[in-house]
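Hi everyone, thanks for making time for this. I'd like to walk you through one protein model, so please have a look at it with me.

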Amino acid sequence: MGDVLAGNHAVWEFDSDSVLIRFARGIRTPRTPRLFHALGSRRIPVEAVSGVTVTAGKRDTVVLRAHPRPGADPLMEAAAGQLKESCDPYRLVLPGERAPHAAAFAEALRLRLGPDATEPADRFLVGVPGPPRRLKAYDARVGFDGSAVAFHWSRTGATSTKWKAGDQRYPLSALTGVEWRSPDGTGGHLRLLLRDTAADPRPDHDLAAAVFGVGYGAAHESLPFAAAVLAAVRGRAAVSAVPAVPGARSDDDRLRHLSELYSAGLLTDAEYTTLRDRFAADSR
């Protein structure tokens with residue numbers, strides 16, 4: 001067990017190669033953000049961190065914040081800077097008297113950062129948030145089974161454009177990414193970015209988008225959903241990019257890369273088994 005800090009909404013534990021963040025009702029705390037309840041706990045590898053700071057907070061508090069590397073965390077990539085400060089999962093608020101402990105924690109973490117810490121990560125390094133794999137938006141029920149995203153339009157919420165087109169299903173192979181717009185602002189929606197298809201700028205008419213509204217698509221539900229889809233899309237791209245150069249070392253590298261993607265939650269059991277068997281057959 002490494003150094004431990006208990007803050008207002010979470011407990012951080014630093015080991016030699018990662019920081020385990022357990023979101024919970026903490027000390028001297030108001031209501032815990034629902035996003036934190038949804039996340040439960042997250043393990044952040046040191047290689048996914050670009051820096052760490054300690055600053056003075058409000059009302060005799062100190063704020064410890066780890067800064068994720070660009071491209072390292074699917075949750076933060078999907079959020080794209082839209083989270084409120086109070087909902088930042090990389091931010092820990094502590095009583096002012098804990099400032100020395102926060103500084104020591106930050107320094108210990110800072111010393112473990114590698115020379116490429118400030119460079120964008122070439123793959124996701126933080127695990128995918130867990131369920132929900134279903135999302136209730138204002139105009140649709142959206143489902144993700146690990147291989148495709150499906151939209152089931154609401155008779156009362158969907159526009160005539162969507163209702164007449166009928167329910168839609170998009171396999172991961174048809175996607176290049178995900179666009180999430182916070183339900184806390186105007187125009188909140190979840191949009192799938194399609195390969196070789198231009199998006200309709202109006203989310204309520206886009207057949208690959210679901211619109212949020214009051215009571216629909218809350219951040220603690222829609223953001224983990226968006227992150228899970230984004231990670232799956234990027235995971236497929238990473239697998240397809242594994243070199244197919246003949247030779248024992250290449251085969252070992254491909255299988256090792258595949259295992260890393262599976263361990264990180266970027267592949268379903270079925271996808272992992274299929275690709276593993278295919279790589280094994282290719283090596284014979």
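Predicted model: local features only at pLDDT ≥ 70, side-chain atom pairs only at ≥ 80, totals over all residues.

Strand β2 covers residues 10-14 and strand β3 covers residues 18-23. Five bridges link β2 and β3, and the two strands pair in the antiparallel sense. As a reminder, strands of a sheet pair through backbone hydrogen bonds, and the pairing can be parallel or antiparallel.

Let's zoom out to the sheet. Four strands make up an open sheet, and their order is β1-β2-β3-β4, with antiparallel pairing. At the edges we find β1 (3-6) and β4 (41-45), each of which pairs on one side only. From one strand to the next, the twist averages 15°.

What lies across β1, β2 and β3? That is helix α3, residues 99-112, which runs at about 45° to β2.

Last topic: empty space. Rolling a probe the size of a water molecule over the atoms shows where such space is left. Here the count comes to one cavity of 30 Å³ or more. The largest cavity has a volume of about 40 Å³. Our opening pair comes back here: Trp12 and Ile21 both line the largest cavity, along with Val19, Ile44, Val49, Ala66, Tyr90 and Leu109. So what kind of lining is it, nonpolar, polar or charged? The lining has eight nonpolar residues, no polar and no charged ones.

Conventions. Residues numbered from 1 in each chain as written. Heavy atoms only, no water. 1 Å grid on protein atoms, 1.4 Å probe; cavity = no way out; pocket = protein on both sides within 12 Å on 5 of 7 lines; lining within 4 Å. Points joined across faces, edges and corners; volume = space filled by probe spheres on them. Nonpolar A, V, L, I, M, F, W, Y, C, P; charged D, E, K, R; others polar. Pairing = 2+ DSSP bridges. Axes fitted to C-alpha atoms, helices over the stretch in contact; angles between N-to-C directions. Contact = heavy atoms within 4.5 Å.
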